[in-house]
Amino acid sequence: MLDNTFAHDCDSGTVAEAVQRDGYAVIKDVLNESDLDRLRRDLTPSVESTEFGDEDFWGHRTKRFGALIAKSKVAQQMLIHPAVLAVCDQILLPWAASYWTNYSGVMYLAPGETAQTLHRDTNLWPFANPSPPLTLATMWAVSDFTSENGGTLLVPGSHLWDDDRKPTRDEVVATEMPAGSVLLYTGNVIHAGGANRTNNSRFGVALHYVLGWLRQEETQLLTVDREQALELPEQVRKLMGYSMGASGLGMVDHLDPHHHLTGVREDRPVALSTPELDINEAKMNRLRVVGTANHGRTRIEIEPDAQPGANNE
Ligand SMILES: O=C(O)CCC(=O)C(=O)O
Ligand SMILES: [Fe+2]
């Protein structure tokens with residue numbers, strides 16, 4: 001059983017501190033019954049039409065599908081929930097000028113599913129550990145999460161470990177949280193889906209955020225067509241990638257992707273950044289490659305005496 005559980009109106013700094021210290025936190029009562037009903041209504045048709053996985057890591061009794069921004073207005077609101085974004089800002093912005101949506105998906109563990117292999121989500125990118133968090137994951141409980149039904153397994157503190165350190169059995173704890181709660185965990189904390197030993201399915205919605213200079217796990221821009229993109233709340237589509245990732249990063253035809261999408265054209269060149277990105281870029285840590293580690297993974301350190309913003313063009 002995990003603690004680090006906070007009330008929905010808790011100060012985001014306190015939640016972010018817990019995430020920084022232990023790699024995870026839970027916020028309770030973020031979705032109410034009506035949100036949960038609407039979310040289930042939006043997603044149940046896809047749950048019903050999706051086949052079980054057929055691969056060890058993804059599970060054999062687990063249903064997974066993505067592109068949730070196209071499938072659910074409630075998921076759109078979850079993606080931009082202020083309580084979550086406030087924590088994202090504190091965990092991810094020290095490492096990048098922006099972050100964007102990494103992945104959106106349902107993780108529906110049916111009875112009989114066995115525990116997933118313990119892993120770090122940051123294994124997608126070639127950095128040795130310890131490394132910056134790279135992602136912040138949210139796992140929203142659509143059903144209750146218990147240690148019996150596959151509540152996410154976590155190894156508190158493992159976001160600070162070297163690659164060589166493996167968790168012992170008693171270092172692994174299961175997330176227990178009622179429906180409507182959200183678990184937040186960094187991409188470098190060791191975790192896994194649990195085993196479902198009950199007769200009911202564990203229904204989770206995962207929405208992940210990644211540093212703006214890394215490729216998304218799920219290519220968000222192809223999950224909606226142009227008309228759908230234009231109908232999304234502006235904050236949602238900017239987080240999906242219709243925005244600059246840093247000064248000059250991610251432009252389309254020398255335009256900010258948001259201007260390209262919305263057809264805003266000026267008769268003179270416009271800045272390929274925003275004041276907010278410039279501020280974030282000046283404040284972020286600079287990283288220095290210090291060599292390679294196991295399996296050729298790149299070991300990076302924070303540049304100790306970098307002048308923040310000095311490398312800006
Ligand atoms: O289902 C879960 O609780 C977590 C699954 C997970 O970590 C993953 O698929 O990467
Ligand atoms: Fe994972």
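Student: In which loop is Asp29 found?

Tutor: Please keep in mind that this is a predicted model. Asp29 is found in the loop between β2 and α2, the helix of residues 33-49.

Student: What is the phi of Asp29?

Tutor: The general idea comes first. Most residues other than glycine have a negative phi, and most peptide bonds are trans. In this case, Asp29 has a positive phi of about 60°, although it is not a glycine. Ala67 is also not a glycine and has a positive phi, of about 55°. Ala67 is found in the loop between β3 and α3 (68-71).

Student: Why does Ala67 count as partly exposed?

Tutor: A residue is buried if 20 or more other C-beta atoms lie within 10 Å of its own, exposed if 12 or fewer, and partly exposed in between. Ala67 has 17 other C-beta atoms within 10 Å, so it is partly exposed. Asp29 has 13 C-beta neighbours inside 10 Å and therefore counts as partly exposed.

Student: Which peptide bond is cis?

Tutor: The bond from Asn129 to Pro130 is cis, with omega near 0°. Pro130 lies in the loop between β4 and β5.

Student: What is the order of the strands in the open sheet of seven strands?

Tutor: The order is β1-β2-β8-β5-β10-β4-β3, and the pairing is mixed. At the edges stand β1 (5-6) and β3 (62-66); each has a single partner strand, so one side of each is left without a neighbour in the sheet. Helix α5 (residues 82-92) packs on this sheet and touches β2, β4, β5, β8 and β10. The direction of α5 makes about 155° with that of β5.

Student: How many bridges join strand β2 to strand β8?

Tutor: Four bridges join β2 (residues 24-27) to β8 (residues 182-186), and these strands run antiparallel. As an example, Val26 has Leu183 as its bridge partner in β8.

Student: What is the order of the strands in the open sheet of three strands?

Tutor: Its order is β7-β6-β9, with antiparallel pairing. The edge strands β7 (173-174) and β9 (191-192) each pair on one side only. Two bridges join β6 (residues 153-154) to β9, and Leu153 stands opposite Ala192 in β9.

Student: Which residues touch the most other members of the largest nonpolar core?

Tutor: Again, the general idea comes first. In soluble globular proteins, nonpolar side chains tend to be buried together. Here the largest nonpolar core has 65 residues, of which Leu92 and Leu184 touch the most other members. Strand β10 supplies the largest share of this core, seven residues. Leaving aside residues up to four places away in sequence, Leu92 touches Tyr99, Pro133, Leu136, Tyr209 and Leu211.

Student: Is Trp140 buried or exposed?

Tutor: Trp140 counts as buried, because it has 27 C-beta neighbours inside 10 Å. Trp140 is found in strand β5. Among the residues that Trp140 touches, not counting those up to four places away in sequence, are Leu31, Met78 and Val182. The C-alpha atoms of Trp140 and Ala75 are separated by 9.9 Å, although these residues are 65 residues apart along the chain.

Student: Which residues surround ligand 1?

Tutor: Ligand 1 is surrounded by Met107, Gln116, Asp121, Met139, Thr152, His191, Ala192, Gly193 and Gly204. Sorted by class, this shell has three nonpolar, five polar and one charged residues.

Definitions and conventions:
Residues are numbered from 1 along each chain as its sequence is written. Chains are lettered from A and ligands numbered from 1 in the order in which they are written. This is a predicted model: local features need pLDDT of at least 70, side-chain atom pairs count only at pLDDT 80 or more; totals for chains, interfaces and linings use all residues. A residue is near a molecule or strand if its C-beta atom, placed from the backbone, lies within 6 Å of it. Ala, Val, Leu, Ile, Met, Phe, Trp, Tyr, Cys and Pro count as nonpolar, Asp, Glu, Lys and Arg as charged, and the others, Gly among them, as polar. Two strands pair if DSSP finds at least two bridges between them. Two residues are in contact if their C-beta atoms, placed from the backbone, lie within 7 Å. Axes are lines fitted to C-alpha atoms, for helices over the stretch in contact, and angles run from 0 to 180 degrees between N-to-C directions. A nonpolar core is a set of buried Ala, Val, Leu, Ile, Met, Phe, Trp, Tyr and Cys residues joined through C-beta atoms within 7 Å.
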